[in-house]
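Good morning, and thank you for making time for this item. Please keep the sequence and the model open while I speak.

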Amino acid sequence: MGWDFSTDPEFQDTLDWIDAFVEREVEALDLVYRCAGDPWDPASPARVAMRPLQAQVKDRGLWACHLGPELGGQGFGQLKLALMNEVLGRSRFAPSVFGCQAPDTGNAEILARYGTEAQKARYLQPLLDGEIASCFSMTEPQAGADPGEFTCRATRTEDGWRIDGEKWFASHASFSEFIIVMAVTNPDVVIHQGASMFLVERNTPGLEVLRDVTVGPAPALDGGVHGYLRFTDCRVPPSSLLGDEGRGFDVAQSRLGGGRIHHAMRTVAVLQKCLDMMCERAQSRRTRGQLLGDLQLTQQKIADAYTRITQFRLHLLYAAWLLDRDGSYTRPVRREISAIKAAMPEVLKDVVYPALHLHGSLGMSNETPLMNFWQMVPEMGIVDGPTEVHQVAVAKSILRERSGTKGTFPSYHVPARTEAAKLKLGVTG
Ligand SMILES: Cc1cc2nc3c(=O)[nH]c(=O)nc-3n(C[C@H](O)[C@H](O)[C@H](O)COP(=O)(O)OP(=O)(O)OC[C@H]3O[C@@H](n4cnc5c(N)ncnc54)[C@H](O)[C@@H]3O)c2cc1C
């Protein structure tokens with residue numbers, strides 16, 4: 001039959017080890033190192049504490065499991081990766097401790113796929129070893145979801161390329177060794193054929209970080225990690241072109257699929273954590289002589305949260321299974337990833353809000369992770385493309401497989417179907 005929801009016992013042992021290790025060793029980093037860039041920034045004081053943990057992960061053969069064996073990973077595939085990320089997503093530091101942190105994972109993926117040997121030697125190996133950070137920069141201040149509005153331009157010079165324009169929300173740009181930048185190389189064709197990717201080293205003259213933007217209500221300039229970049233006559237050599245000229249979108253597309261599904265996997269961890277917190281609260285807090293968990297309105301919140309999490313999780317595991325089966329981002333895989341991406345802010349809202357609400361003033365405070373999770377609701381609706389764009393992609397892919405009818409009434413109109421059924425069954429009257 002081929003339908004099986006079980007995890008093989010050997011891999012379950014691995015998951016149990018990861019679970020205990022994250023709880024025992026890694027979560028301490030989250031509590032102590034609170035700056036926005038700490039898990040990724042090679043200059044963060046957290047590095048010293050991370051190193052021995054990363055060594056343990058490497059010893060267990062669990063470093064960079066998203067990579068195939070040819071790049072030093074396990075080639076786990078997406079399904080195992082999903083189960084692993086359900087644990088890692090509990091901690092801000094865990095992905096970095098296990099060598100599978102965004103955006104470096106996606107950047108490594110495209111370097112491995114599209115990079116020349118020289119590019120791989122210079123950028124990929126230190127990235128895989130966790131020695132440097134990297135940045136991926138497409139979005140511009142005036143355009144994000146619609147790349148047709150991108151204006152950052154790369155023009156050929158006698159000895160390479162010259163980049164001019166602005167980029168926005170380039171996460172980790174300030175401490176990245178290199179930035180993968182999408183620029184328009186031919187404005188006379190559609191953007192999907194006229195954009196190219198460049199590897200720009202952080203200290204290249206002509207590249208400025210105007211400021212680091214912060215997500216959320218913190219005062220501006222307070223530890224943001226999303227770079228607002230300006231390129232002014234920024235010269236890069238021919239060898240900085242990543243992939244073929246004009247094929248920037250192919251490069252970007254192959255990266256974003258993985259990024260979106262990994263975000264979703266880690267979101268499951270956040271949702272499970274909310275459910276755990278809700279249940280602990282419901283079984284501890286008393287009101288009017290009874291536990292919150294004895295009240296049916298609380299029970300409804302818990303039941304709804306559990307159902308939403310299970311639905312979302314199974315959809316995600318299905319998408320991961322499909323990706324493993326097809327081996328690439330086929331149309332059916334892309335549909336499921338977009339559907340999950342669109343559902344993510346909704347399921348977060350449906351679970352984080354009641355969890356936060358059940359905690360009363362404590363939930364509103366900075367003394368639980370709940371307000372941080374709450375910020376993920378709008379964030380997951382924007383990052384990697386707004387919800388609407390993914391909903392449109394899902395709907396178009398469904399509609400492509402179906403067609404309308406030419407008749408006045410639809411094909412499922414009961415009177416006509418009844419007549420046909422009577423004819424088939426030989427029933428008159
Ligand atoms: C935390 C975070 C990290 C990020 N990191 C990076 C990064 O590292 N690199 C990078 O390049 N970018 C990054 N981004 C940017 C992100 O990819 C963009 O914000 C996203 O693609 C949306 O672009 P935009 O912000 O310009 O919004 P817009 O494109 O202006 O969209 C705004 C709103 O308009 C509506 N809208 C837009 N298009 C449609 C449509 N087709 N149909 C219906 N409604 C529509 C939607 O309501 C949408 O939310 C990051 C963003 C966040 C929040």
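Let me begin with a definition: two residues are in contact if their C-beta atoms, placed from the backbone, lie within 7 Å. The model is predicted, so local features need pLDDT of at least 70 and side-chain atom pairs count only at pLDDT 80 or more, while totals for chains, interfaces and linings use all residues. Residues are numbered from 1 along each chain as its sequence is written.

I turn to the domains. The protein chain is divided into domain 1 (9–101), domain 2 (134–242) and domain 3 (250–400); these bounds come from an automatic or database domain assignment. Between the C-alpha centres of domain 2 and domain 3 there are 30 Å. Contact involves 8 residues of domain 2 and 8 residues of domain 3. On the side of domain 2 that touches domain 3, 7 residues are nonpolar, 1 is polar and none is charged. In this classification Ala, Val, Leu, Ile, Met, Phe, Trp, Tyr, Cys and Pro count as nonpolar, Asp, Glu, Lys and Arg as charged, and the others, Gly among them, as polar.

Next, the ligand. Which residues are the closest to the ligand? They are G144, A145, S171, P386 and E388, within a surrounding set of 23 residues. A residue is counted as near if its C-beta atom, placed from the backbone, lies within 6 Å of the molecule or strand in question. The shell divides into 13 nonpolar, 6 polar and 4 charged residues. At least three of its residues come from each of domain 2 and domain 3. Strand 1 (134–137), strand 3, helix 12 (370–382) and helix 13 (387–400) each supply at least two residues of the shell. Helices (H or I, at least four residues) and strands (E, at least two) are DSSP runs, numbered from the N terminus.

Now the strands. Two strands pair if DSSP finds at least two bridges between them. Strand 2 (residues 153–157) and strand 3 run antiparallel and are joined by 5 bridges; they form a hairpin with 2 residues between them. Within this pairing, T155 has R162 in strand 3 as its bridge partner. R162 also touches A154, T157, D233, C234 and R235, among others, when residues up to four places away in sequence are not counted.

All 7 of its 7 residues are buried, so strand 4 is largely enclosed by the rest of the structure. On one side are F178, I180, M182 and V184, and on the other I179, V181 and A183. Strand 1 runs parallel to strand 4, with 4 bridges, and C135 stands opposite I179. Strand 5 (residues 195–201) runs antiparallel to strand 4, with 7 bridges; there, F198 is the bridge partner of V181.

This brings me to the core. A nonpolar core is a set of buried Ala, Val, Leu, Ile, Met, Phe, Trp, Tyr and Cys residues joined through C-beta atoms within 7 Å. The largest one has 103 residues, of which I163, F198 and C274 touch the most other members. Helix 10 (residues 331–358) gives the largest share, 14 residues. Leaving out residues up to four places away in sequence, I163 touches C152, A154, V181, A183, F198, F231, C234 and V236. In soluble globular proteins, nonpolar side chains tend to be buried together.

Finally, some backbone details. A cis peptide bond joins A102 and P103, with omega about 0 degrees, and P103 lies in the loop between helix 4 (94–97) and helix 5 (104–114). Two residues other than glycine have positive phi: A64, near 50 degrees, and F169, near 60 degrees. A64 lies in the loop between helix 2 (46–59) and helix 3 (78–88), whereas F169 is found in strand 3 (residues 160–171). A64 is buried, with 24 other C-beta atoms within 10 Å, and F169 is buried, with 21.

Key: A residue is buried if 20 or more other C-beta atoms lie within 10 Å of its own, exposed if 12 or fewer, and partly exposed in between; C-beta atoms are placed from the backbone.
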